Amino acid sequence: MRAGAVILLLMLSGTAISALKITVFYVDGNMQPHPTQVIVSAEENPIAVLFTYLQAPPSRYLSLMPKDSVNAVYIVYDTIYVDLKKEKFKYWRFEDARLFVHSLVCSIFQSLEGIHWVKLLLDGEDGVLGGWIETTYKFGREVWQYWPVEKTR
Amino acid sequence: MGKFGPMYFLRFKGTVVSFMEGKSMLSGPDFVRYLSGPIYARNGLLYVPVFDLFDTLQISYRWHDGKVLLITCVLKKIAVLPDGLEIVYDGEDIFDVRVVGKSVSIKLKAPCMLEKGVYVPSNVKVKMDEEISVEVPSPVKEYNVERARGLLRIHLEFKKLTYRYVVFRVDGRIAKDGKLRKMFKLYGLEPVESVVDPEQTIVVDFHTSSIKTIVYEPEPVELKGISHKNVVISKRIAALMSEKLGYTYEPLFLCSLDQSTVSLAIFAPLEDLEKIVEVMGKCVLEL
């Protein structure tokens with residue numbers, strides 16, 4: 001009886017793992033975020049799926065992340081390193097650069113629980129993304145877990 | 001006003017003056033004032049030289065652009081005190097007090113005049129019939145107005161300033177606009193071209209943009225808390241300003257922000273610039 005219960009529990013948890021959900025923060029023309037849930041199957045890599053969705057938003061949302069703009073993504077302990085192609089992020093408008101960063105970092109924190117820091121790199125190095133945003137520092141979960149653009153009312 | 005036989009009487013406050021048609025004088029119980037011409041009647045109206053009459057009855061007036069302005073308030077003393085301002089006057093309370101930053105302004109709601117020989121302190125500007133203004137040495141945190149008969153006293157509580165300097169750049173260039181500089185000074189902030197003392201300087205980068213947002217720098221873990229105070233205050237100013245301006249505020253590691261000081265980047269339309277400077281001055285006083 002007890003062995004049967006243990007087997008059932010394992011099966012349930014196996015099901016939970018296979019039905020992983022990630023959240024992609026899309027942004028509309030009014031600069032409002034639209035967190036969108038995507039179900040990732042057990043065969044898929046959730047990080048790969050996340051970046052695929054970020055680079056191909058539905059047409060009603062802004063296209064913030066250029067296609068083929070990622071060199072590599074890797075995780076070291078609780079930090080995810082996102083190595084971007086520098087050439088794709090030159091001379092951006094601030095309006096686009098800010099939304100891109102918020103969208104990317106929020107999507108990562110909402111989708112990947114164990115990650116506490118996001119480190120952006122430009123061709124493997126620190127730099128200035130789009131001419132505006134310093135990538136020297138790590139973006140923390142505490143600040144970017146939720147959409148960080150606030151309005152006091 | 002009254003009439004007794006051919007004699008007319010006028011009384012104002014404690015003075016009584018009498019006069020007659022065809023005579024060239026005004027008289028009272030203890031005075032006679034001779035006029036340049038006789039008092040006369042025409043179309044049922046009696047014509048009396050008005051300035052002689054006003055002078056005799058001690059009615060304050062001013063001749064301005066072909067009109068006689070009757071003065072209902074005469075300023076007898078204007079004094080700047082260590083904790084405020086005092087005005088002693090005779091007549092009507094016509095004062096509307098406004099205090100913004102270092103500026104104390106008393107709008108005059110009716111014509112008034114200074115009594116002869118009244119000393120006006122050098123830092124007090126009197127624009128007759130319009131305004132009395134004083135620039136006090138420090139921005140005012142709170143004030144209250146005491147009104148008594150013939151006395152207006154404004155009590156001022158000054159703000160102890162934490163931040164004294166501002167580096168304000170507009171699209172990458174130091175703002176040289178005289179009006180903006182004057183507005184900063186009104187709130188006790190001296191516009192400078194570079195950081196004078198990181199503990200007392202606020203750096204603001206204004207960028208012309210169609211979006212309306214204020215960017216503050218979050219605390220980078222790599223700095224191990226070194227910039228904590230600046231981060232907290234930057235965020236507080238950003239939140240206060242965004243509330244007053246109806247903007248958003250957000251964290252970002254902007255390459256233009258300086259972590260050694262309180263610093264902000266403001267992205268907004270150029271026409272909002274003056275309003276931003278005014279709101280910023282008020283928010284710095286609230287810290």
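## Overall fold of chain A

Chain A has four helices and eight strands in its secondary structure, where helices (H or I, at least four residues) and strands (E, at least two) are DSSP runs numbered from the N terminus. The model is predicted: local features need pLDDT of at least 70, side-chain atom pairs count only at pLDDT 80 or more, and totals for chains, interfaces and linings use all residues. Residues are numbered from 1 along each chain as its sequence is written, and chains are lettered from A and ligands numbered from 1 in the order in which they are written.

Starting at the N terminus, the order of elements in chain A is α-β-β-α-β-β-α-β-β-β-β-α.

## Packing of helices H2 and H3

Helix H2 (residues 46–55) of chain A packs against H3(A) at an angle of about 150°, the axes being 11 Å apart. Axes are lines fitted to C-alpha atoms, for helices over the stretch in contact, and angles run from 0 to 180 degrees between N-to-C directions. H2(A) is therefore roughly antiparallel to H3(A), a term for angles over 145 degrees.

Pro46(A), Leu50(A) and Leu54(A) of H2(A) meet Ser103(A), Leu104(A), Ser107(A) and Ser111(A) of H3(A) in this contact; residues are in contact if their C-beta atoms, placed from the backbone, lie within 7 Å.

## Contact with chain B

The contact between the chains takes 17 residues from chain A and 20 residues from chain B. On the side of chain A that touches chain B, helix H3 (94–111) and strand S7 (133–134) of chain A each supply at least two residues. H3(A) gives the largest share of that side, four residues.

How values were computed
Contact = placed C-beta atoms within 7 Å. Parallel < 35°, antiparallel > 145°, perpendicular 65-115°, else oblique.
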